[in-house]
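Please read the numbered points alongside the sequence and the model.

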Amino acid sequence: MDTLSYKTISANKETAKKEWVVVDATDQVVGRLASKVAKLIRGKYKPNFTPHVDCGDNVIIINAKKAIFTGKKETDKVYTRYTGYPGGQRFNTPEELRKRPDGMDRIFRHAVKGMLPKGPLGRSLLKNLFVYDGTEHKHEAQKPKAIDINQYK
């Protein structure tokens, strides 16, 4: 038999090559940026992607305050949360959330969480996302690599 034998490589937690990357959110649309970040966190851009393993990168989003919404979403979109008490349903718009110290973190986490798998894997993947309003972040020791998010599809 003159055929080549190829083995399918399935990554696991030990063999996954996780990197730290920095993404600049300046003038980026929130939803489009979130979909690319979700793919980075999941590891979809890597050749050894395995669906049931955390083989993606740790993503740091800087300048989150400078991200934009298209159309009237800034004022018309509504985020709903529930405190757990009777009558405890709370509503916020992106405009109101931007004024809070952790507002953009909540907006990006909500957007990325919806694009990750549901269940224990998705919850653990969301811990690989770090959002900062300014250019400073506390992950310099990991030597993150700055990437241009616009080159990804």
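1. In this predicted model, isoleucine 61 stands opposite valine 131, a residue of β5. The strands concerned are β2, spanning residues 58-62, and β5, and they pair in the parallel sense over three bridges.

2. This pair belongs to an open sheet of four strands, whose order is β5-β2-β1-β6 and whose pairing is parallel. The edges are held by β5 (129-131) and β6 (145-146); each has a single partner strand, so one side of each is left without a neighbour in the sheet.

3. Two helices deserve attention here. Helix α1, formed by residues 30-42, packs on the sheet and touches β1 (20-24), β2 and β5. The direction of α1 makes about 155 degrees with that of β2. Helix α4 (residues 103-113) lies across β2 and β5, and runs at about 150 degrees to β5.

4. As to the overall plan, the protein chain contains five helices and six strands. Read from the N terminus, these elements follow the sequence β-α-β-α-β-β-α-α-α-β-β. Among contacts with a separation of 6 or more, 67% join residues 24 or more positions apart.

5. Along the principal axes, the C-alpha atoms fill a box of roughly 70 × 35 × 30 Å. Of the 153 residues in the protein chain, 38% are buried. The accessible surface comes to about 10000 Å², and carbon and sulfur atoms contribute 54% of that area.

6. Finally, on charge: the protein chain carries 30 positive and 17 negative side chains. The centres of the two sets lie 6 Å apart.

Note on methods. Residues numbered from 1 in each chain as written. Predicted model: local features only at pLDDT ≥ 70, side-chain atom pairs only at ≥ 80, totals over all residues. Heavy atoms only, no water. Pairing = 2+ DSSP bridges. Contact = heavy atoms within 4.5 Å. Axes fitted to C-alpha atoms, helices over the stretch in contact; angles between N-to-C directions. Buried < 20%, exposed > 50% of the residue type's maximum accessible area, 1.4 Å probe, protein only. Areas by Shrake-Rupley, 256 points an atom, 1.4 Å probe, with all protein chains shown as cover. Lys, Arg positive; Asp, Glu negative; His and termini not counted. Charge placed at Lys NZ, Arg CZ, Asp CG, Glu CD.
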